[in-house]
Amino acid sequence: MAHYKKNRQISVNLTNYWANNDGVLTPQFDNGVNRYIINNHIGHASITYYNAIPENITGNYSGTSDGRPNMIVVHETANPNDSIWGEINYEKSHYNNAFVHAFVDNNSIIQISNTDHEAWGAAYPANGRAVQFEQVEVYGGWNFAAELVNAAYYTAYKMKQYGMYPRIADGNLSATLWSHHDVSSYLGGTDHTDPDSYWSNRAWTNFGTGYGMWDFTMLVNYEYALLQ
């Protein structure tokens, strides 16, 4: 990361940083979960690839002018008792009903479908525009924080790959970062509200605070900046 003026607060990509005496930046997050991530130096896993979904199931993105994705949709499995491989194996056997591009937990980022092709995770019109991934439910503060880091890194990595910049969904259809609940609210075709309750439950249980899409967007901005 670039060095800046010393001993002062600056703002980069909507995130406040403190530049220390050497000019090195440390993010100054408002949210307690994000602060825990930074204070404990929690890093991301590497992306691994497992071809679980046949590529000929879908083609290029039907909802964009160039056939490339222009948004990311964040999901959560709503299954409190499953593992990342349990979820992957289920989608491998049931992809004709629904599937996403990738799964994350506290240890892994596993892409199961080519992100150059549509997935079937949030109905249309979102399917025609979005790279989509699922978070598997995890327990404990460290595990939840590590999963968020993996989710933010995967989001930032895919945004960088496809020329997007992190912009939280707020009713503007050009936004790039969407929860499944945002899709239900602004695009339609689905009525799911994930990952709201999962994030809220784990953040309150483990950190005594909330966690929402704005907090996640700040974490994505941070990971995105590290990719530059």
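Trainee: Over the face of which residue does Lys160 lie in this model?
Mentor: Keep in mind that the model is a predicted one, and that its distances are computed from the predicted atoms. A charge counts as sitting over a ring if, among other things, the charged atom is within 6 Å of the ring centre. Lys160 is placed at 5.4 Å from the centre of the ring concerned, and that ring belongs to Tyr224.

Trainee: How far is the charged end of Arg202 from the centre of the ring it sits over?
Mentor: The ring in question is that of Tyr139, with the charged end of Arg202 sitting over it. From the centre of the Tyr139 ring to that charged end, the distance comes to 4.3 Å.

Trainee: How many aromatic pairs are there, and what is the angle between the planes of Phe29 and Tyr222?
Mentor: With ring centres within 6.5 Å taken as the condition for a pair, the count comes to 13 aromatic pairs. One of these is formed by Phe29 and Tyr222, whose centres lie 6.1 Å apart. The pair is edge-to-face, a class that needs planes over 60 degrees apart, and the angle between these two planes is 90°.

Trainee: How many residues apart are Phe29 and Tyr222?
Mentor: Phe29 is in the loop between strand 3 (25-27) and helix 1 (32-39), whereas Tyr222 is in helix 6 (residues 213-227). The pair therefore links distant parts of the chain, with a separation of 193 residues.

Trainee: Are Phe29 and Tyr222 buried or exposed?
Mentor: The cut-off for buried is a relative accessible area under 20%. Phe29 has a relative accessibility of 7%, and Tyr222 has a relative accessible area of 16%. Because each value falls under the cut-off, Phe29 and Tyr222 both count as buried.

Trainee: What kind of pair do Tyr36 and Trp142 form?
Mentor: The ring centres of Tyr36 and Trp142 are 6.3 Å apart, and the pair joins helix 1 to helix 3 (residues 141-161) across 106 residues of the chain. Tyr36 is partly exposed at 24% relative accessible area, as is Trp142 at 43%. Because the planes stand at 80° to each other, the pair is classed as edge-to-face.

Trainee: What is the volume of the largest cavity?
Mentor: The count comes to 1 cavity of 30 Å³ or more. The lining of the largest cavity has 4 nonpolar, 4 polar and 1 charged residues, and its volume is about 40 Å³.

Trainee: Which helix gives the most to the lining of the largest pocket?
Mentor: The largest pocket has a volume of about 390 Å³ and is lined by 20 residues, with Glu91, Ala98, Gly121, Glu134 and His192 nearest its centre. By class, the lining holds 6 nonpolar, 9 polar and 5 charged residues. Strand 5 (71-76) and helix 2 (84-94) each supply at least two residues of the lining, and the most, 4 residues, comes from helix 2.

Trainee: Which residues does each cis peptide bond join?
Mentor: Pro125, in the loop between strand 7 and strand 8, is joined to Tyr124 by a cis bond with omega of about 20°. Pro195 is found in the loop between helix 4 (180-187) and helix 5 (196-207). With omega of about 5°, the cis bond there joins Asp194 and Pro195.

Technical notes:
Residues are numbered from 1 along each chain as its sequence is written. This is a predicted model: local features need pLDDT of at least 70, side-chain atom pairs count only at pLDDT 80 or more; totals for chains, interfaces and linings use all residues. Side-chain values use heavy atoms; hydrogens and water are left out. On a 1 Å grid over the protein atoms alone, a cavity is a set of points where a 1.4 Å probe fits but cannot get out, and a pocket is an open set with protein on both sides within 12 Å along at least five of seven lines; lining residues have an atom within 4 Å of a point. Grid points are joined across faces, edges and corners, and a volume is the space filled by probe spheres set on the points. Ala, Val, Leu, Ile, Met, Phe, Trp, Tyr, Cys and Pro count as nonpolar, Asp, Glu, Lys and Arg as charged, and the others, Gly among them, as polar. Rings of Phe, Tyr and Trp (its six-membered ring) pair if their centres lie within 6.5 Å; planes under 30 degrees apart count as stacked, over 60 as edge-to-face and the rest as tilted. Buried means under 20% relative accessible area, exposed over 50%, partly exposed in between (1.4 Å probe, protein chains only). A charge sits over a ring if NZ of Lys or CZ of Arg is within 6 Å of the ring centre and within 35 degrees of the ring normal.
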